[in-house]
Amino acid sequence: MSKANPARKLLFSVDSALLFISAVSAGILSVHLGQDCNWDLRNYHVYNGYSFLKNRLLFDVAPAQIQSFLNPVMHVPFYLAVKNLRPVAVGFLIGGIQGINIWLVYKMAFLAAPELPALTRYFLSAAAAITGFTGAASISETGTAMGDNIISILILAGLLLTVQPIQKPITKRDGNVFPSWRISFLAGMMMGAAAGLKLTAFIYLLPFLLALLSVRTPLYARARNLFVSLSGAASGFLLISGYWMLVLWKHFKNPVFPFFNGFFKSGFYPVSDFADKRFMPRNLLQSLFYPFYFSVRQTLASELPLKDMRLAMCYLVLLLFLSTEFYRLAKSRCLKMPVKIRTETGPDNFFAFMAVFFIFSYILWQKMFSIYRYAAALEILSPVFILLTLKRIIPAKKVFYPILSTIIFAYLVFNTSAPEWGRVPWSRDYFDVRIPDMKRFDDSTIIMLGYDPLSYIIPYFPESARFVRVQSTFVNPGSKNKNLTSAKIARLLGEARNGRIYLLTGKNCRTQANEAILRSYGLKPDNHFSAEVRTKFDELEISSATHKGTLIKNPER
């Protein structure tokens, strides 16, 4: 024990130093990239945190459009950081947290090839970590609150906890290679928590559970570990999302409102299942080889152009591995030689587990979303998958293995073009919202028109101001199928007091179509008040409105 303790302390010190370096490096990179100003930030990342803390779920009407109802757990700390810290500190903090991904990939890559000489192993693990973090999805989201490379931390941590013991040769007498039930529960809990933070992470949870069954160990051990991990996943999901699901069920009779409403049939949303199908493969050829289409800058799987070969390279090395295995089996049959069975149970388990997880996660991603940034965890993990698969083709002890791996990693890093979600220079205030005559908007009803992401300005208005969005991805004023949300909007606008009704739009965005929407609610614009609302990102217009048939000569202030 006395000999082990200094070694463990040294390992802990090295790991701590690497984790610190990873976090600080990513934080500095975030500051270098500039302040985030992406569409989702302006639409709901700030508002959802503010809304939760101020209990505005029922007070406002979907000002952040359909995203108004997403679990706010990840957005509350972001809103508090924006409110209380300098913008550059917020960017450094978020980037630093996202930098944990670098350390996690390093740790898994280090486990992938223990046969390598020490210096080569360290170098290749660091190269893998850098390659994973500099992918198109990961690097473009560094310093942002989009969340895909934040939930990836939980996903990678759950994988690391699981693969650390199974990648070693069997030493236990009963043949069980799984970690203790506490570690298995914690690993499952992290995967469930990731899905709770962002529902799109469910594409990683089922493959994780399936991958546990691929490990070569006694059946009872697989069943036990699957049950423990599943229990942990359920606990993690409910811990993060349980309360919010109860809130949504209480008010809307749908725990994931407004999603899956074809099943839950909430009266506040059309009985249909919301799905964004814009980025799905267009034909069979794309379905089979979708990652190869990302090798050129395109918008097939993203709102903005990107180029990334990481998933395609995983595809290539997997095809190469399958080809060599098929050749080996065919050669053995032709020569009537017995097939050589691998006996390296530990390394076999690591590869089998990672292959099942990676392949099935990719399949679910393509079938459910095909939105590239939702595959951020796979992109970050891809160098580990490449190392493991290459080792099945080229023995790690061969000098060509680290050379080829390094060439592949360099090619991937230098052939990446990330989408540009929007950045602005750092300044003293995150949004720099300037609202004229704030007192005017006390106890007012502010109608939001159009699809522009405007809800980030709501925390700058008086808390008593109610925001009602009458046109959005959640509310369609032209729909003939009215629901309880439409009725609520009509009631609130009908009860709004003259002199306290305002319209909020982009500058010069007042159109006849907007006025027609107002008329459908018995309202019309008037000329008593109009002013600009300026922010770091937008020039907006706020103007007064009144009920039709009413003329107000001196509107109440």
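In the predicted model, Gln298 makes contacts with Tyr293, Leu304, Pro305 and Leu306, its neighbours within four places in sequence being left aside. Gln298 belongs to the loop that runs between helix H13 (284-289) and helix H14 (310-334). Its relative accessible area is 10%, below the 20% limit, and Gln298 is therefore classed as buried.

Two residues other than glycine adopt a positive phi in loops. Ser370, with phi of about 60°, is placed in the loop between helix H15 (345-368) and H16. The relative accessible area of Ser370 is 0%, so this residue is buried. Lys253 likewise has a positive phi of about 60° although it is not a glycine, and is located in the loop between H11 and H12. Because its relative accessibility is 46%, Lys253 counts as partly exposed. The loop between helix H11 (219-252) and helix H12 (261-264) also holds Pro258. Pro258 is joined to Phe257 by a cis peptide bond, for which omega is about 0°.

Helix packing was examined for H9 and H10. The axes of helix H9 (residues 181-197) and helix H10 (residues 202-213) come within 8 Å of each other and cross at roughly 155°. Since angles over 145 degrees count as roughly antiparallel, H9 and H10 are therefore roughly antiparallel to each other. The crossing of H9 past H10 is left-handed. On the H9 side, the contact is formed by Ala187, Gly188, Met191, Gly192 and Ala195, and on the H10 side by Phe202, Tyr204, Leu205 and Phe208. Classified by residue type, this contact of H9 with H10 comprises 7 nonpolar and 2 polar residues, with no charged residues.

The largest nonpolar core contains 98 residues, of which Tyr204 and Phe357 touch the most other members. The greatest contribution to this core comes from helix H16 (residues 376-393), which supplies 11 residues. With neighbours within four places in sequence left aside, Phe357 is in contact with Ile155, Leu159, Met191, Tyr204, Pro207, Phe208, Ala211, Leu378 and Leu381.

How values were computed:
Residues numbered from 1 in each chain as written. Predicted model: local features only at pLDDT ≥ 70, side-chain atom pairs only at ≥ 80, totals over all residues. Heavy atoms only, no water. Axes fitted to C-alpha atoms, helices over the stretch in contact; angles between N-to-C directions. Helix = DSSP H or I, 4+ residues; strand = E, 2+ residues; numbered from the N terminus. Parallel < 35°, antiparallel > 145°, perpendicular 65-115°, else oblique. Left-handed = near helix turned anticlockwise from the far one by under 90°. Contact = heavy atoms within 4.5 Å. Nonpolar A, V, L, I, M, F, W, Y, C, P; charged D, E, K, R; others polar. Core = buried A, V, L, I, M, F, W, Y, C linked by side-chain atoms within 4.5 Å. Buried < 20%, exposed > 50% of the residue type's maximum accessible area, 1.4 Å probe, protein only.
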